[in-house]
Amino acid sequence: MKFSLLLEQLIEAFRCLPGVGPKTAQRMAFHLLERNRDNGLRLAATLSSAMQSIGHCDSCRTFSETPRCKLCSAGNRDASKLCIVESPVDMAAVEQMGTYRGLYFVLMGRLSPLDGMGPEEIGIQPLTLLLTKGHVAEVILATNPTVEGEATAHWLSGLIKPKGIRVSRIAHGVPLGGELEYIDAGTLARAFEGRDVL
Ligand code: ZN
């Protein structure tokens, strides 16, 4: 059945979300219209301002609506340690562990030539800038233990080690193919403690 133009557009708009097929999108649109218009309006307003205002931190590249994110501007972090992760979600997972006090760099992806993700896309320029400032003594590679995550870690290691910076890779306890965000804080903490120097 075809609905009105605007309703069709609303259903179609929900389909941009991961895992949302036509049926689910239809259910979401009807739910908001039938029972939840106030929340629907709030969702629309929040989506609009978030999409327009959230950019990336100048230093670590995580999502931030200020030029420098809260963590980077806190001034109480150990600038000699830099943990490199694939996404802001992974950064949150490491933070949740509660033991890491260093800084971060978020690749916003991983090397994947077939998907158009090369060195530029994962932030080679801002990363090099961060490393040449001279504060970083150790880089912890916490990319996901997937094939692409491992390849990215290997590539980064080759880039960073010649600069005389200690490079280590989280290893133990992180299951192969497991994404950091799904690993419990205890396992991740052990993976950090048992990291291998490359
Ligand atoms: Zn930052």
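Mentor: A residue is called buried when its relative accessible area is under 20%, and exposed when that value is over 50%. The model before us is predicted. By that criterion C69 is buried, and C72 is buried as well.

Trainee: Where does the domain assignment place the bounds of domain 1 and domain 2?

Mentor: Domain 1 is given as 5-53 and domain 2 as 69-197. The centres of domain 1 and domain 2, taken over C-alpha atoms, are separated by 34 Å. The C-alpha trace of the chain spans about 65 × 35 × 35 Å along its principal axes.

Trainee: Why is R169 called buried?

Mentor: The relative accessibility of R169 is 7%, and the limit is under 20%, so R169 counts as buried. R169 belongs to strand β6, residues 166-169.

Trainee: Which backbone oxygens does the side chain of R169 approach?

Mentor: A polar atom of the R169 side chain lies 2.9 Å from the backbone oxygen of L141. The R169 side chain also reaches the backbone oxygen of N144, at 3.5 Å. Beyond its neighbours within four places in sequence, R169 has contacts that include P145, G149, E150, R195 and D196.

Trainee: Is E86 buried or exposed, and how do you know?

Mentor: E86 has a relative accessible area of 2%; the limit is under 20%, and E86 is therefore buried. E86 is placed in the loop between β3 (78-85) and α5 (88-97). Setting aside neighbours within four places in sequence, E86 is in contact with residues including V106, R110, T143, N144 and G149.

Trainee: Why does H135 count as exposed?

Mentor: At 52% relative accessibility, H135 is over the 50% limit and so counts as exposed. The position of H135 is in the loop between α6 (124-132) and β5 (138-141). Not counting residues up to four places away in sequence, H135 touches A79 and S80.

Trainee: How far is the C-alpha atom of H135 from that of E8?

Mentor: The two C-alpha atoms are separated by 54 Å, and the residues are 127 apart along the chain.

Trainee: Which residues of helix α1 are buried?

Mentor: In α1, residues 5-14, the buried residues are L7, I11 and F14.

Trainee: How do you know that they are on the same side of α1?

Mentor: They cover an arc of only 60° around the axis, which puts them on the same side of the helix. In general, an α-helix has 3.6 residues a turn, so residues three or four places apart point the same way. On the other side of α1, L5 and L6 are exposed. The cover over the buried residues of α1 includes α2 (22-35).

Trainee: What does the secondary structure of the chain come to?

Mentor: The chain has 8 helices and 7 strands. Buried residues account for 40% of its 198 residues.

Technical notes:
Residues are numbered from 1 along each chain as its sequence is written. This is a predicted model: local features need pLDDT of at least 70, side-chain atom pairs count only at pLDDT 80 or more; totals for chains, interfaces and linings use all residues. Side-chain values use heavy atoms; hydrogens and water are left out. Helices (H or I, at least four residues) and strands (E, at least two) are DSSP runs, numbered from the N terminus. Buried means under 20% relative accessible area, exposed over 50%, partly exposed in between (1.4 Å probe, protein chains only). Contact means heavy atoms within 4.5 Å. The arc is that of the directions from the helix axis to the C-beta atoms. Domain bounds come from an automatic or database domain assignment. A polar contact is a pair of N or O atoms within 3.5 Å; within protein, one must be able to donate a hydrogen and the other to accept it, and residues adjacent in sequence count only if both atoms are side-chain atoms.
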